[in-house]
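Q: I would like to learn how to read a few features of a protein model. Can we work through them one at a time?

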Amino acid sequence: MTTTTPWWRDAVVYQVYPRSFADSNGDGEGDLQGLRSRLPYLADLGVDALWLTPFYTSPLADGGYDVADYRDVDPRFGTLADFDALVADAHRLGLRLIVDIVPNHTSSAHPWFQEALAGYGRERYLFREGDAPPNDWQSNFGGPAWTRVEDGSWYLHLYTPAQPDLNWRHPEVRKEFEHILRFWLDRGVDGFRIDVAAGLFKHPGLADLGEGGTHAVGSPMYGRPEVHQIYRDWRAILDSYPDERMAVGEVWTESPDDLALYVRPDELHQAFQFHLLLAPWSARAFRETVETCLASPSGKAPTWVLSNHDVIRHSSRYGPAERSRSALMFILALPGSAYLYQGEELGLPEVFDLPDAARQDPIFFQGKGKGRDGCRVPLPWSGTAAPYGFGAGEPWLPQPDSWAPLTVQAQSADPESMLAFYRRALALRRRLRGTLPVDVEWLETSSPDVLSFRRGPLTCTVNFGDEPVPFDGAVLLAAGDVAAGKIQGGGAVWLTV
Ligand code: GLC
């Protein structure tokens with residue numbers, strides 16, 4: 001009997017933030033045609049699939065995670081015809097395409113919420129009467145999670161007031177999302193990334209949180225057990241389509257065991273393991289994280305993430321470029337899929353010094369820090385000055401003057417660049433696919449700062465310390481200079497036996 005590995009289990013998935021990827025019409029914002037024109041770049045990079053963050057009709061109060069129409073493309077990103085052309089081109093190039101789905105909340109511009117404001121159909125959201133906010137919940141972006149409407153009632157929003165939370169106990173909400181899933185599956189998408197996947201249901205009595213953590217699974221506002229029936233229903237829909245359509249959930253939780261509740265044969269295929277993303281650059285932290293993730297039942301479908309559109313880019317978290325290269329080698333050598341975030345292949349740093357006047361993230365406006373714009377700055381493609389080939393117009397967030405050496409064009413001409421390194425690493429990973437056993441065998445090392453593990457013919461060794469350490473074996477790939485038979489501080493090697 002032959003068993004085939006499902007495509008997503010060890011896929012390298014590249015996250016596209018469409019607004020910042022490539023702009024085809026000169027309005028300073030990326031769009032689907034811009035992305036489409038750059039698909040050959042992504043195929044050439046060597047990734048297996050793309051995940052697109054929201055491109056749906058939206059006022060963009062939260063970068064598109066405030067959806068006003070789940071079945072259309074926002075005009076600034078293009079049209080449904082552009083989307084269809086994108087799917088067709090991606091598939092022709094051998095790239096799968098998954099899209100974001102945002103079920104926890106709609107935009108306040110969604111027709112349902114507009115109706116609710118007019119006093120009709122409020123039961124689709126979480127409205128409550130009273131003189132004071134119904135409970136002690138705070139929005140994840142700062143400020144109270146309740147906003148009062150003209151007639152004095154309150155509605156719940158775990159994010160901005162422009163993102164009212166849906167009432168998932170209402171049958172119409174469930175039906176509507178089943179239709180939305182089918183709408184995009186019928187257009188050929190290979191799966192979904194589910195936003196705030198653990199948030200859909202709230203405690204039936206909307207109990208106070210008290211001192212408890214908001215994100216603890218099973219708290220009154222997060223990780224309620226009722227959500228699992230939704231994912232069972234969705235799984236049945238996904239399974240009714242050919243070619244293994246999949247779903248990956250965004251679930252923030254400290255315990256990988258909690259993730260396992262979502263990753264079940266009849267629920268989601270994967271849930272993001274954000275644990276490495278939160279780990280400091282340290283051998284101990286990386287090893288413990290991987291061991292805990294793999295030992296948990298969710299570790300049967302591991303996902304490794306170093307950066308995304310919500311966090312500080314890892315090149316800035318880790319510092320020296322060798323570390324970013326080594327971290328990539330580390331996750332690509334592990335079993336499971338790797339989710340990359342656009343621009344990490346260029347070694348883009350976080351842009352910390354954006355002028356406040358340019359910032360657009362609601363986190364900034366709701367007073368919870370500087371926000372996430374610094375990892376969303378439009379990509380540099382070519383040329384020596386902004387907009388670096390991103391498009392003809394002025395980019396919606398300013399690009400640093402120092403990015404000329406980081407463009408795709410500049411790095412393509414340099415075999416030592418980060419981009420060239422990503423291409424080599426991804427090509428090797430493809431070549432090794434299918435030859436690597438699932439189990440990770442940890443090897444003894446000469447220093448607690450060095451991690452080494454083997455999977456069949458491949459050994460991956462990372463030097464998290466500052467001092468060079470010797471290695472022995474035939475080098476397939478190296479981060480940092482290994483000419484002297486040593487892995488430099490922050491460097492790594494892939495060896496074959
Ligand atoms: C998720 C998204 C984030 C968004 C939030 C609200 O965490 O990744 O960007 O702001 O959900 O939809």
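A: Start with a side chain. This is a predicted model, and in it a polar atom of the Arg 323 side chain lies 2.9 Å from the backbone oxygen of Tyr 318. A polar contact is a pair of N or O atoms within 3.5 Å.

Q: Where does Arg 323 lie?
A: Arg 323 belongs to helix 11, which covers residues 321-333.

Q: Which residues does Arg 323 touch, not counting residues up to four places away in sequence?
A: Contact means heavy atoms within 4.5 Å. With that exclusion, Arg 323 touches Trp 281, Tyr 318, Asp 466 and Gly 490.

Q: What separation do the C-alpha atoms of Arg 323 and Ala 385 have?
A: The two residues are 62 apart along the chain, and their C-alpha atoms are separated by 27 Å.

Q: Now a strand. Which way do the residues of strand 1 point?
A: In a regular strand the side chains alternate between the two faces of the sheet. Here Val 12, Tyr 14 and Val 16 point one way, Val 13 and Gln 15 the other.

Q: Is strand 1 mostly covered or uncovered?
A: Buried means under 20% relative accessible area. Strand 1, residues 12-16, is mostly covered, with five of its five residues buried.

Q: Which strands pair with strand 1?
A: Strand 13, residues 337-341, pairs with strand 1 in the parallel sense over four bridges. Strand 2, residues 49-52, also runs parallel to strand 1 and is joined to it by four bridges.

Q: Which residues stand across from Val 13?
A: In strand 13 the bridge partner of Val 13 is Tyr 339, and in strand 2 Val 13 stands opposite Ala 49.

Terms used:
Residues numbered from 1 in each chain as written. Predicted model: local features only at pLDDT ≥ 70, side-chain atom pairs only at ≥ 80, totals over all residues. Heavy atoms only, no water. Buried < 20%, exposed > 50% of the residue type's maximum accessible area, 1.4 Å probe, protein only. Helix = DSSP H or I, 4+ residues; strand = E, 2+ residues; numbered from the N terminus. Pairing = 2+ DSSP bridges. Polar contact = N/O pair within 3.5 Å; in protein donor to acceptor, adjacent residues only side chain to side chain.
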